[in-house]
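Dear colleague,

I am passing on a structure for you to look over, and below it I set out what was found. Please read the notes with the model open beside them.

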Number of protein chains: 2
Amino acid sequence: MRNAEASRERILDAAMEEFSTYGIAGARVDRIAKSAGCNKNLIYIYFESKEILFTTVLQKNLERAFEEIPFSPDRLPEFAVNVFDFAMTHSDVMRLLMWANLEQKTDNPPQRESAHEEKIRQIGEAQSAGRIASTLPPPFLLTAIMTIATSWASTNPFGPSLNPEAAKDRDALRASVAGAVERLIRTDHPTD
Amino acid sequence: MRNAEASRERILDAAMEEFSTYGIAGARVDRIAKSAGCNKNLIYIYFESKEILFTTVLQKNLERAFEEIPFSPDRLPEFAVNVFDFAMTHSDVMRLLMWANLEQKTDNPPQRESAHEEKIRQIGEAQSAGRIASTLPPPFLLTAIMTIATSWASTNPFGPSLNPEAAKDRDALRASVAGAVERLIRTDHPTD
DNA sequence: TATATATAACTAACCGGTTAGTTATAATAT
DNA sequence: ATATTATAACTAACCGGTTAGTTATATATA
């Protein structure tokens with residue numbers, strides 16, 4: 001049982017669980033070590049500090065999310081549904097993202113920023129071409145779509161915790177997400 | 001300078017600052033005491049524990065929010081704008097709410113739950129009367145409105161941190177919030 | 001009004017347990 | 001042999017909560 005790569009992975013998995021549950025300040029390195037079945041110092045050999053371990057876990061999981069969810073400005077309801085499914089299936093990643101946003105003062109990784117910028121650019125293009133409504137500015141529209149799509153993850157204080165009943169019917173929620181986004185972009189008036 | 005009520009208030013103010021910045025696990029009772037200009041033990045005399053102090057601060061601030069923001073199912077865009085203004089002006093309260101949702105496992109206070117229920121009921125009524133569109137189920141609609149309205153507070157990982165430029169123009173955002181909500185409820189097709 | 005008494009408001013110092021991070025040492029593979 | 005992988009043992013600082021005691025203020029009494 002001497003395998004650096006495997007140990008590293010076990011630590012990352014354990015850290016994911018710990019950080020998503022307790023956040024950075026609340027996480028305990030001892031607990032991560034125990035849960036990963038390794039010595040605490042091994043964690044400090046592979047990852048310099050608790051904070052760096054957190055950032056590593058977050059980055060890895062966000063990358064996966066970006067790869068999994070394709071984007072097209074002409075299929076925004078579909079995109080929203082994909083985000084919705086990801087958020088509902090990976091509530092731990094959503095929690096990680098929230099912790100990072102609350103506890104860390106660091107900027108977003110440049111790749112995430114530029115991916116966001118690119119989406120905004122494409123939305124603007126689709127608006128100019130009249131394929132979707134131009135009423136809402138692209139940055140606002142994208143933010144609205146992301147927040148609506150993730151609003152039924154447990155991280156949202158206005159989501160499932162306030163609506164335990166509605167939160168059960170995932171298919172209905174998925175349809176509503178698509179419907180809401182469709183409403184935000186429809187061009188029923190030629191002037192839109 | 002011996003005034004129980006004033007001391008209590010100073011502690012609550014200091015705690016608000018500390019908890020909204022660091023969360024429950026990250027908050028330091030010593031720091032709260034120092035910032036409130038009192039002895040740490042005084043905090044434990046007035047509030048039993050760190051956790052109870054947090055809950056007290058949260059409750060107090062949420063109550064204020066409920067009082068300040070009136071609700072009418074026939075003025076949903078206006079309601080959303082009021083929520084938006086509150087969220088932008090009181091980002092510390094928003095952070096408190098996020099920390100509570102992430103760190104605490106306790107249910108929402110019953111008054112908050114019932115206030116939410118009542119809003120949903122009124123929305124359903126307005127839908128049945130045909131005053132707003134019936135496409136989206138009331139619980140989904142209310143959650144969508146709340147999340148859109150608060151999506152430009154710093155607590156949203158898809159909000160200002162990804163759109164620093166757009167976040168500056170508060171008036172434009174306010175108008176977009178109203179516009180988005182209007183789109184979610186408009187009845188342009190008689191079948192809606 | 002001056003003095004004794006009771007109580008409310010507050011504090012300094014401490015404690016047991018915890019926590020992130022280190023050091024020294026052992027085992028394994030090549 | 002020697003570099004890599006791993007662990008046990010350790011430490012300094014921290015932290016929530018407590019204890020034992022002091023100071024201010026109100027009330028009662030003579």
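Buried area here is the accessible area, taken with a 1.4 Å probe, that two parts lose on being put together, summed over both. This is a predicted model, in which local features need pLDDT of at least 70 and side-chain atom pairs count only at pLDDT 80 or more, while totals for chains, interfaces and linings use all residues. Residues are numbered from 1 along each chain as its sequence is written, chains are lettered from A and ligands numbered from 1 in the order in which they are written, and side-chain values use heavy atoms, with hydrogens and water left out.

Chain A is divided into domain 1 (1-56) and domain 2 (69-192), with bounds that come from an automatic or database domain assignment. The centres of these two domains, taken over C-alpha atoms, are 31 Å apart. To their contact (heavy atoms within 4.5 Å), domain 1 of chain A gives 11 residues and domain 2 of chain A gives eight.

Between domain 1 and domain 2 of chain A, about 790 Å² is buried, and carbon and sulfur atoms give 61% of that area. On the side of domain 1 of chain A, the residues that lose the most area to domain 2 are A:Met16, A:Ser20 and A:Phe54, which together account for 59% of what that side buries.

The count of salt bridges between the two domains of chain A is zero, where a salt bridge is a side-chain nitrogen of Lys or Arg within 4 Å of a carboxyl oxygen of Asp or Glu.

With regards
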